Amino acid sequence: MNVQTIVKNGKPEYVVLPWDEYQAMLEALEDRADAAALAGFSERLARGEEETLPAVMVERLLGGESPVRVWREHRGFTQAQLGEAAGVAQSMVAMIESGDRRGTMDTLASIARVLKIDLDDLAQGEAD
């Protein structure tokens, strides 16, 4: 590394290095941060604190499909099963999924608990 040190009052104050070397150093630091983030995710995944989602599910969510429907189907629930487990009528689950009703935060929180997801995964534009 081609470095020039600028000294002030007998102590190193600044370092000057070529732009290409500076850019390479930044890239190495970013790679190290990415590797640490990936390692942390991998550890949480191994402990069951994170999960990966199939691409088709992500596409459905990004395409604007009802998050309740997408997550319900991903978890293998029928509307009736989800409603019963969440203490919500099956008809309410159907109306939330169709967009006829948005559901209260309490209702969505109950559904989220049953689906084992964060309320934020359901509440994006959903609640009254």
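## Ground rules

Since the model is predicted, local features need pLDDT of at least 70 and side-chain atom pairs count only at pLDDT 80 or more, while totals for chains, interfaces and linings use all residues. Residues are numbered from 1 along each chain as its sequence is written, and side-chain values use heavy atoms, with hydrogens and water left out.

## Helices α2 and α3

Start with helix α2 (residues 55-62) and helix α3 (residues 67-75), which pack at an angle of about 165° with their axes 9 Å apart. That makes α2 roughly antiparallel to α3 (the label for angles over 145 degrees). Here, helices are DSSP runs of H or I with at least four residues, numbered from the N terminus. Axes are lines fitted to C-alpha atoms, for helices over the stretch in contact, and angles run from 0 to 180 degrees between N-to-C directions.

On the α2 side, M57, R60 and L61 make the contact, and on the α3 side P67, R69, V70, W71, E73 and H74 do; contact means heavy atoms within 4.5 Å. Sorted by class, this contact has five nonpolar, one polar and three charged residues. For the classes, Ala, Val, Leu, Ile, Met, Phe, Trp, Tyr, Cys and Pro count as nonpolar, Asp, Glu, Lys and Arg as charged, and the others, Gly among them, as polar.

## Helices α4 and α6

Next up is helix α4 (residues 79-86), which packs against α6 at an angle of about 110°, with axes 9 Å apart. That makes α4 roughly perpendicular to α6 (65 to 115 degrees). L82, A85 and A86 of α4 meet S110, I111, V114 and L115 of α6. The class tally for α4 with α6 is six nonpolar, one polar and no charged residues.

## The nonpolar core

The largest nonpolar core has 16 residues, and V68, W71, L82, I111, L115, I117 and L122 have the most contacts inside it. A core like this is a set of buried Ala, Val, Leu, Ile, Met, Phe, Trp, Tyr and Cys residues joined through side-chain atoms within 4.5 Å. Two or more residues each come from α3, α4, α5 (90-98) and α6, with α6 giving the largest share, five residues.

## Two residues up close

Leaving aside neighbours within four places in sequence, L122 is in contact with P67, V68, W71, L108, I111, A112 and I117.

T107 is found in helix α6 (residues 105-115). T107 is buried, at 16% relative accessible area (buried means under 20%, with a 1.4 Å probe and protein chains only). Not counting residues up to four places away in sequence, T107 touches V88, M92 and I96.

Methods: Angles under 35 degrees count as roughly parallel, over 145 as roughly antiparallel, 65 to 115 as roughly perpendicular and the rest as oblique. Buried means under 20% relative accessible area, exposed over 50%, partly exposed in between (1.4 Å probe, protein chains only).
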